[in-house]
Amino acid sequence: MLDIQTKQLPPDIVVLEIAGRITIGRECKQLEWATDSLVREKHQKKIILDLSGVTHIDSTGIGIIVTSAGQVKGAGGELRLAGANKHIEQILKLTCIDRIVHWNPTVSEAVAGF
């Protein structure tokens, strides 16, 4: 199961705290839908995906992160990643996602960068 909690940080930053596996299947689409909802319905332009609770990510998860980052950018905003463990960090680097989507070791650092 993938668990996504939304947290608002003043003045205009939203953190999606993700726990579980971002892998192929319906649960993975929840992340895409959550980001889509923030951009389209709530007009959020500063979004951080907190990956500290993510245990595994596959190519589908990588694709959703890239798609979501493009969607946020297309709306004039920015999506950032934070808190990945060593395993997830290696996958992000191996797939060069860390070059496409800004990554920080902690949510606090991601917030400070906005």
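**Overall fold**

I counted five helices and five strands in the chain, where helices (H or I, at least four residues) and strands (E, at least two) are DSSP runs numbered from the N terminus. I was looking at a predicted model, in which local features need pLDDT of at least 70, side-chain atom pairs count only at pLDDT 80 or more, and totals for chains, interfaces and linings use all residues. My residue numbers start from 1 along each chain as its sequence is written, and side-chain values use heavy atoms, with hydrogens and water left out.

From the N terminus on, I read the order of elements as β-β-α-β-α-β-α-α-β-α. I then checked the radius of gyration, taken over C-alpha atoms with a globule rule of 2.2 Å times the number of residues to the power 0.38. The chain has 13 Å, which agrees with the value near 13 Å for a compact globule of 114 residues. Along the principal axes, the C-alpha atoms fill a box of roughly 30 × 30 × 25 Å.

I noted that buried residues make up 41% of the 114 residues; buried means under 20% relative accessible area, exposed over 50%, partly exposed in between (1.4 Å probe, protein chains only).

**Helix H3**

Next I went to H3, residues 86-94, and found Ile88, Glu89, Ile91 and Leu92 buried. Seen down the axis, these buried residues fall within an arc of 160°, so they line one face of the helix; the arc is that of the directions from the helix axis to the C-beta atoms. The face turned away from the buried side carries exposed Lys86, Gln90 and Leu94.

I also looked up what covers the buried residues of H3: among the elements are strand E3 (46-57), helix H2 (59-74) and strand E4 (78-82). Contact here means heavy atoms within 4.5 Å.

At the N-terminal end, Asn85 caps H3, with a side-chain oxygen 3.0 Å from the backbone nitrogen of His87. For such a polar contact, I used a pair of N or O atoms within 3.5 Å; within protein, one must be able to donate a hydrogen and the other to accept it, and residues adjacent in sequence count only if both atoms are side-chain atoms. After H3 comes Cys96, whose phi is positive, near 65°.

**Thr35**

I found Thr35 in helix H1, residues 26-40, buried with a relative accessible area of 0%. Its side chain reaches the backbone oxygen of Leu31 at 3.1 Å. Leaving out residues up to four places away in sequence, Thr35 touches Leu16, Ile47, Ser68, Gln71, Val72 and Leu79.
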